[in-house]
Amino acid sequence: MAVVPLKPVDRVEILSVMDNSIDVLMGNTPIARRAKRERDSLNKPQLRAEHGVSMLVTTFDGGNKDSFLFDTGVTIDGVLHNMDVLEVKGNELHAIVLSHGHTDHTRGLTGLIKRYGRPRIPIVLHPDAYLKRKNVGSDGHESEHFPPNRRDLEAEDVEIIEERGPTMLIGGHALVTGQIPRTTPFEKGSPNQLALIDGQWQPDPWIHDDQAIVINVKGKGLVVLTGCGHAGVVNTLKCAREMTGVNSIHAVIGGFHIVPPLTDEYIRQVIATFKEINPDYLIPGHCAGERFYDLVRAELPNKVIRSAVGTRFVFGA
């Protein structure tokens, strides 16, 4: 894999705009600044938690500050609502990046485009993000995902960047990995997923559009953001290291997609690899899975930090 030159930044701040949980009573840590609970908070609009993901990524380098949004949540107005509560100015975004095409990461794009959509704000995604998909359970129950529609996006006259490979953002300070190689023997994707391809439902376990964000913080190492981590969180970290030539992982934050029916054996393989890679911080959220959280907290208690809507994670000076 050819090394992609990734410019380091002084600091990166990652604000959880949407995630599965919220707790305004959580305490701060050296890197996690929790949403404040004000005295008159009950008289103000409240933050929402939904089964979805959206993170505001802001880099600082010298006197330059740049922001983009990573994923847009599961409802049309949920992320917009939280942005308003958190006083995030959408018209200052430099880009919107979609981790993959599943509904819980993309549906809020509709509301964002209606409010802020302009040709100068690019939307970055993998071409497979347009695929319509469904999961078929062991009992035959089907749950469909409704992806972004290319025609609808084109009708809004927004700039679309479709790439299977890596994409650089904000002057080379943020890397979108593009398609992540699947190299581990134990991360096998989602075997129950199908995609509508050429008019037929076909097996689509690998979800090749799953991509991550990588940022290099001076003196710290890589901060890696995942949406769901369908490529496998270990595959994702390996890809980030090989793609940038930087071995040190400062933090990994987002969904790790370690949910039933994945077993304790699988989880322990992931944790064993985390011990080898030795990231400074693990911040599981969204679809990381409660069983994973229990086991990793027991094994690596000083590395694990809970995510929650409204938390601002600060890495660097």
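**Strands, helices and loops of a predicted model**

Strand 11 and strand 14 (residues 213-217) pair in the antiparallel sense over two bridges; two strands are said to pair if DSSP finds at least two bridges between them. Helices (H or I, at least four residues) and strands (E, at least two) are DSSP runs, numbered from the N terminus, while residues are numbered from 1 along each chain as its sequence is written. The model is a predicted one, in which local features need pLDDT of at least 70, side-chain atom pairs count only at pLDDT 80 or more, and totals for chains, interfaces and linings use all residues; side-chain values use heavy atoms, with hydrogens and water left out.

The pair just described belongs to a wider arrangement. Six strands form an open sheet with mixed pairing, in the order 10-11-14-15-16-17. Strand 10 (167-169) and strand 17 (281-285) stand at the edges with a single partner strand each, so one side of each is left without a neighbour in the sheet. From one strand to the next, the twist averages 15°. Helix 5 (residues 233-244) packs on this sheet and touches strand 11, strand 14, strand 15 (221-226) and strand 16 (249-255). Here, touching or contact means heavy atoms within 4.5 Å. The direction of helix 5 makes about 135° with that of strand 15; axes are lines fitted to C-alpha atoms, for helices over the stretch in contact, and angles run from 0 to 180 degrees between N-to-C directions.

Thr177 lies in the loop between strand 11 (174-176) and strand 12 (193-197). Is Thr177 buried or exposed? With a relative accessible area of 1%, Thr177 is buried, since buried means under 20% relative accessible area, exposed over 50%, and partly exposed in between (1.4 Å probe, protein chains only). Leaving aside residues up to four places away in sequence, Thr177 touches Gly165, Pro166, Gln211, Ala212, Val214, Cys239 and Met243.

Another part of the chain holds a hairpin. Strand 3 (residues 54-61) and strand 4 are paired in the antiparallel sense over seven bridges, and Asp61 stands opposite Asn64 in strand 4. The hairpin has two residues between the strands, and Gly62 takes a positive phi near 60° there. Strand 4 (residues 64-70) is mostly covered, with five of its seven residues buried. Strand 4 also runs parallel to strand 5 (residues 96-97), to which two bridges join it; Leu69 stands opposite Ile96 in strand 5.

Between helix 1 (78-85) and strand 5 there is a loop that contains Glu87. Glu87 has a positive phi of about 60° although it is not a glycine, and at a relative accessible area of 68% Glu87 is exposed. Helix 1 itself meets another helix: the axes of helix 1 and helix 3 (residues 109-116) come within 7 Å and cross at roughly 55°. The two are therefore oblique to each other; angles under 35 degrees count as roughly parallel, over 145 as roughly antiparallel, 65 to 115 as roughly perpendicular and the rest as oblique. Which residues make this contact? Helix 1 contributes Leu80, Met83 and Asp84, and helix 3 contributes Gly111, Leu112, Arg115 and Tyr116. By class, four of these residues are nonpolar, one is polar and two are charged. In this grouping, Ala, Val, Leu, Ile, Met, Phe, Trp, Tyr, Cys and Pro count as nonpolar, Asp, Glu, Lys and Arg as charged, and the others, Gly among them, as polar.

The axes of helix 6 (residues 264-277) and helix 7 (residues 290-299) come within 10 Å, crossing at roughly 40°. That makes helix 6 oblique to helix 7. The contact involves Asp264, Ile267, Arg268, Val270, Ile271, Phe274 and Lys275 of helix 6, together with Arg291, Phe292, Leu295, Val296 and Glu299 of helix 7. Seven of the contact residues are nonpolar, none are polar and five are charged.

The loops on either side of helix 6 have features of their own. Pro261 lies in the loop between strand 16 and helix 6, and a cis peptide bond with omega of about 10° joins Pro260 and Pro261. Asn278 is placed in the loop between helix 6 and strand 17. The phi of Asn278 is near 60°, a positive value in a residue other than glycine, and with 43% relative accessibility Asn278 counts as partly exposed.
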